[in-house]
Amino acid sequence: MSAPEPDVLLARVAKVHDRIAAAGGDPEQVALLAVTKGFGPEVALAAAAAGLVDLGENYAQELVAKAPVLADAGADVRWHAIGRLQRNKVKALAPIVALWQTVDRADLGREIAKRAPGAAVLVQVNVSDEPQKGGCAPGDAPDLVAALRDDGLEVRGLMTVGRTGPADEARAGFRMLRSLADDLDLPVRSMGMSGDLEAAVAEGSTMVRVGSALFGPRPSVPGPAARQG
Ligand SMILES: *Cc1c(COP(=O)(O)O)cnc(C)c1O
């Protein structure tokens with residue numbers, strides 16, 4: 001699988017910025033997290049070359065394989081863990097991950113605090129009540145934030161995955177995440193992907209996580225085993 005040509009990738013980045021602006025956001029203020037899951041390291045390298053410094057990965061195995069390739073190439077990127085996390089994967093990821101975006105339970109937070117003391121985290125909230133999605137219930141977020149802080153973690157904000165289906169239907173959930181983050185005085189709101197970033201930006205996203213709109217369709221869809229990681 002080959003990476004998009006540099007000019008193609010830059011044009012796609014510009015297009016995402018245009019979409020953010022059209023939705024009422026400031027492309028300078030809304031961080032663009034480039035989601036490289038499912039692609040080889042050459043795509044992550046292309047992203048870094050295009051100036052995308054925040055890269056997101058879902059699967060521990062992929063992240064552990066790609067991170068050294070970028071480090072060896074001198075690419076200075078920040079890796080974000082955005083997939084469902086198992087506690088037994090935390091140790092391997094601890095030296096790599098800059099922001100743990102999917103912390104949704106206290107025992108996971110405790111493990112991160114043990115392996116990466118003081119690490120920066122986001123609390124993932126399930127705003128759509130869809131059982132297949134990760135995230136704590138909105139009502140549980142305040143206690144979880146407090147527990148993570150007790151463990152010495154730096155809680156920067158909240159993250160959510162919008163309701164599956166028409167982007168408009170994700171909007172109420174994004175609004176809920178926004179108000180929850182405001183209540184908790186948390187500045188980071190990671191929400192919006194290729195298909196629903198306008199709705200997320202309109203509701204106050206500070207970070208959109210974009211894969212296919214930058215890199216095209218993912219070549220490999222990991223199976224259930226890989227999905228755990
Ligand atoms: C895959 C993924 C994305 C990016 O999805 P696209 O639709 O390709 O933009 C964003 N966030 C999470 C949590 C993901 O798993």
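**A loop proline, the ligand site and the overall fold**

Let me begin with Pro117, which sits in the loop between helix 5 (106–115) and strand 5 (120–124). Please keep in mind throughout that this is a predicted model. Pro117 has a relative accessible area of 66%, and since exposed means over 50%, this residue is classed as exposed. Its C-alpha atom is separated by 9.4 Å from that of Glu154, a residue 37 positions away along the chain.

I turn now to the protein as a whole. The secondary structure consists of 10 helices and 8 strands. Along the principal axes, the C-alpha atoms occupy a box of roughly 45 × 40 × 30 Å. How does the radius of gyration agree with that of a compact globule? For 229 residues, such a globule would have a value near 17 Å, and the protein has 17 Å, so the two agree. As for burial, 51% of the 229 residues count as buried.

Next, strand 8, which spans residues 207–210. Are the faces of this strand covered or uncovered? Both are covered: Met207 and Arg209 are buried on one side, and Val208 and Val210 are buried on the other. Strand 8 pairs with strand 1 (residues 31–35) in the parallel sense, over 4 bridges. Within this pairing, Leu32 stands opposite Val208.

Arg209 brings us to the ligand, because a polar atom of its side chain lies 2.9 Å from a nitrogen atom of the ligand. The protein covers 89% of the 390 Å² of accessible area that the ligand has on its own. Which residues are the closest to the ligand? They are Lys37, Asn58, Ser194, Ser212 and Arg218, out of 13 residues that surround the ligand. By class, this shell holds 6 nonpolar, 4 polar and 3 charged residues.

Let me now consider a lysine in a helix. Lys66 belongs to helix 3 (residues 60–72). Is Lys66 buried or exposed? Its relative accessibility is 3%, and therefore it counts as buried. A polar atom of the Lys66 side chain lies 2.9 Å from the backbone oxygen of Thr36.

The loop between strand 5 and helix 6 (141–150) contains Ser128 and also Asp129. Ser128 has a relative accessibility of 6% and so counts as buried, whereas Asp129 has a relative accessible area of 70% and is exposed. The side chain of Ser128 makes a polar contact of 2.5 Å with the side chain of Glu130.

Finally, a point on backbone geometry. Most residues other than glycine have a negative phi. Asp129, however, has a positive phi of about 60° although it is not a glycine. Asp185 likewise has a positive phi of about 60°. Where is Asp185 placed? Asp185 lies in the loop between helix 7 (171–183) and strand 7 (188–190). With a relative accessible area of 69%, Asp185 is exposed.

Key:
Residues are numbered from 1 along each chain as its sequence is written. This is a predicted model: local features need pLDDT of at least 70, side-chain atom pairs count only at pLDDT 80 or more; totals for chains, interfaces and linings use all residues. Side-chain values use heavy atoms; hydrogens and water are left out. Buried means under 20% relative accessible area, exposed over 50%, partly exposed in between (1.4 Å probe, protein chains only). Helices (H or I, at least four residues) and strands (E, at least two) are DSSP runs, numbered from the N terminus. Two strands pair if DSSP finds at least two bridges between them. A residue is near a molecule or strand if one of its heavy atoms lies within 4 Å of it. A polar contact is a pair of N or O atoms within 3.5 Å; within protein, one must be able to donate a hydrogen and the other to accept it, and residues adjacent in sequence count only if both atoms are side-chain atoms. Accessible areas come from the Shrake-Rupley method with a 1.4 Å probe; for residues, only the protein chains shown count as cover. Ala, Val, Leu, Ile, Met, Phe, Trp, Tyr, Cys and Pro count as nonpolar, Asp, Glu, Lys and Arg as charged, and the others, Gly among them, as polar. The radius of gyration is taken over C-alpha atoms; the globule rule is 2.2 Å times the number of residues to the power 0.38.
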